[in-house]
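Subject: A structure for you to look through

Hello,

I am handing over the structure that we talked about, and below it you will find my notes on what turned up. Please read them with the model open beside you.

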Amino acid sequence: MSIVIKTPEQIEKMRVAGRLAAEVLELIGPHVQKGVTTEELNQICHDHITKVQQAIPAPLNYHGFPKSTCISINEVVCHGIPGHKKLKEGDIVNIDITVIKDGYHGDTSKMFIVGQATPRNKKLVEVTQQSLYAAIKQIKPGACLSDIGATIQPIAEKEGFSVVRDFCGHGIGEGFHEEPQIVHYRNKARLKLKSGMIFTIEPMINAGDYRCKVSKKDGWTATTKDGQPSAQFEHTLLVTDNGCEVLTWREEEAELLPQVISHS
Ligand code: MF3
Ligand code: CO
Ligand code: CO
């Protein structure tokens, strides 16, 4: 497999899938409250995706993943499996949604804060979001894949945080995870971006050490090795002729991130 340059017809289907994934994050927001279980949040998302959107939740049964969404609390870096755990005051929670509509994937995640978080956790969430937005603003034809990590890593490290190395962004389309891999730390990926590429950027930033471990019990849940918290935001992006289009953009982001970015 190689990098797919999407046709106008494929791009239109990716716009639809991206919008649906974004809509699930909008819809779940009011339910992210103290006392709710992650299984209940998963069920609301699953029902909306399957019944209202007539779409498919991509994580369900993906390489054996057992649920329709990933929900990752505090020291869980990614791939948290929804279950009986209740959200509590001060938790920072990532919900990662991937839908398949008409054969194409839309993939996006954001952080939610339950009640009041500590100043450090708030900072971690803000900086992670800013690092994603700064990287998105670099995307245009001719930019290098390595510009992404070169943008994200200094933003994280300036605050004393670290960039996760074990998980990365990815091309996306008919496949959930297509080429290329998009790493979020400094690297030498010389590949030049081209109009029509579609990929995710999804930095995971740890408050402490960058290292992670995956649960031996469930084979999925990735946590920080040092037990400190981690945050993540993710968007699916289309490279346009002069910038990029955020296919999973939400209205609430309008002040910080335009849906369409033009550099000419
Ligand atoms: N949505 C994740 C990503 O951003 C992948 C989840 S795979 C799963 O790439 F199997 F855990 F759902
Ligand atoms: Co992704
Ligand atoms: Co995702």
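To begin with a helix: what distance should the 15 residues of helix H2 (residues 38–52) span, and how far apart are its end C-alpha atoms? At 1.5 Å a residue, with the expected span taken as 1.5 Å times one less than the number of residues, H2 should span 21 Å, and its end C-alpha atoms are 21 Å apart, which agrees.

Before going further, please keep in mind that this is a predicted model, in which local features need pLDDT of at least 70 and side-chain atom pairs count only at pLDDT 80 or more, while totals for chains, interfaces and linings use all residues. Residues are numbered from 1 along each chain as its sequence is written, chains are lettered from A and ligands numbered from 1 in the order in which they are written, and side-chain values use heavy atoms, with hydrogens and water left out. Helices (H or I, at least four residues) and strands (E, at least two) are DSSP runs, numbered from the N terminus.

**Helix H2**

The buried residues of H2 are Thr38, Leu41, Asn42, Cys45, His48 and Ile49, where buried means under 20% relative accessible area, exposed over 50%, and partly exposed in between (1.4 Å probe, protein chains only). They cover an arc of only 130 degrees around the axis, which puts them on the same side of H2; the arc is that of the directions from the helix axis to the C-beta atoms. On the other side of H2, Lys51 and Val52 are exposed. Among the elements covering the buried residues are helix H1 (8–28) and strand S4 (92–101), contact being heavy atoms within 4.5 Å.

**Strand S4 and its partners**

Of the 10 residues of S4, 9 are buried. Two strands pair if DSSP finds at least two bridges between them, and S4 pairs with S5 in the antiparallel sense over 10 bridges, with threonine 98 standing opposite aspartate 107 in S5. S2 also pairs with S4 in the antiparallel sense, over 4 bridges, and there isoleucine 71 has isoleucine 95 as its bridge partner.

Donors are N, O and S atoms within 2.8 Å of the metal (3.2 Å for Na, K and Ca), and sites may look incomplete because water is not among the atoms.

Aspartate 107 bridges the cobalt ion (ligand 3) and the cobalt ion (ligand 2), which lie 3.4 Å apart. Aspartate 107, in strand S5 (residues 104–113), and glutamate 234, in the loop between S13 and S14, link parts of the chain that are 127 residues apart, and both residues are buried.

Best wishes
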